[in-house]
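Hi everyone, thanks for coming. Let me put it on the screen.

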Amino acid sequence: MVQTAVDLANTLRPIKGEDDLESVEQLRDFLDAHPADGPPSSPADQGTGPRHLTRADLAEVRAVRETVRKVLEGANADAAEAAALINDGLRRSRATLVLRHEGDRWWTEVTSDSDRCSAHLAAATLSALASVIAVLGPARLGVCAGPTCRATFVDLSRNGSKQYCTRTCAHRASVAAYRSRRRPR
Ligand SMILES: [Zn+2]
């Protein structure tokens with residue numbers, strides 16, 4: 001669930017100084033919007049029942065976010081450091097690979113044998129980032145080149161030349177470049 005990793009990192013917008021993960025309610029909204037991997041019919045939260053979240057969960061998830069963000073920001077420049085962060089995070093979240101099936105559909109999922117929601121989130125996001133690095137390379141993780149953005153992204157495109165988080169950011173940058181070229185010197 002690599003999009004969950006990117007979305008988690010981007011709940012923090014360092015340039016604007018905005019943070020969408022400051023309250024337990026915001027954490028609940030984030031987790032509701034990012035259910036666990038698997039077919040839609042599978043329960044989003046295996047066996048933990050109705051989710052009861054506390055300030056402790058919030059603090060732990062914020063720490064996971066810091067790791068995920070560091071990996072997304074740094075993998076391109078220092079892949080070994082990103083790998084160490086991922087491996088350490090997976091170990092601490094007690095990540096386990098599980099083979100699941102429903103009917104004739106099979107899939108693997110990295111989950112955690114801990115009952116902490118932060119551990120499940122760490123296992124899912126860090127394993128997804130690990131897969132991208134293993135399959136496509138560490139350069140596919142990045143930070144938007146928009147001067148006022150710094151949102152993180154994962155580039156799953158065919159040519160792997162993504163520089164901006166969104167088309168909006170790319171457009172804004174090309175307009176700014178055009179204007180600066182036209183400015184009289
Ligand atoms: Zn951007």
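Before the first helix pair, a word on angles: a helix axis here is a line fitted to C-alpha atoms over the stretch in contact, and the angle between two axes is taken between N-to-C directions, from 0 to 180 degrees. Please also keep in mind that this is a predicted model.

Now the overview. The protein has six helices and six strands. Starting at the N terminus, the order of elements is α-β-β-α-α-α-β-β-α-β-β-α. Along the principal axes, the C-alpha atoms fill a box of roughly 65 × 35 × 30 Å.

Let's turn to helix α3, residues 55-74, and begin with its packing against helix α4, residues 79-92. Their axes are 9 Å apart, at an angle of about 160°. Angles over 145 degrees count as roughly antiparallel, and therefore that is the word for α3 and α4. The crossing of α3 past α4 is left-handed. Who touches whom? On the α3 side we have T67, K70, V71 and G74, and they meet A79, A82, L85 and I86 of α4. Sorted by class, this contact has five nonpolar residues, two polar ones and one charged one.

From α3, the contact uses D57, E60, V61, V64, T67, V68, V71 and L72. From α5, it uses C117, S118, L121, A122, T125, L126 and L129. By class, that gives ten nonpolar, three polar and two charged residues.

My last stop is the metal. Which residues hold the zinc ion as protein donors? They are C144, C149, C165 and C169, each through its SG atom, lying 2.3 Å from the zinc. Along the chain, these donors follow the spacing C-x4-C-x15-C-x3-C. C144 sits in the loop between β5 (141-143) and β6 (152-154), while C165 is in the loop between β6 and α6 (167-182), so this pair ties together parts that are 21 residues apart in sequence.

And why do we call the arrangement tetrahedral? Because the four donor atoms subtend angles of 104 to 117° around the zinc ion. For comparison, the ideal angle for four tetrahedral donors is 109.5 degrees.

That's my tour, and I'm happy to take questions.

Conventions: Residues numbered from 1 in each chain as written. Predicted model: local features only at pLDDT ≥ 70, side-chain atom pairs only at ≥ 80, totals over all residues. Heavy atoms only, no water. Helix = DSSP H or I, 4+ residues; strand = E, 2+ residues; numbered from the N terminus. Parallel < 35°, antiparallel > 145°, perpendicular 65-115°, else oblique. Left-handed = near helix turned anticlockwise from the far one by under 90°. Contact = heavy atoms within 4.5 Å. Nonpolar A, V, L, I, M, F, W, Y, C, P; charged D, E, K, R; others polar. Donors = N, O, S within 2.8 Å, 3.2 Å for Na, K, Ca; no water. Tetrahedral: all angles 85-135°; square planar, octahedral: opposite > 155°, others 65-115°.
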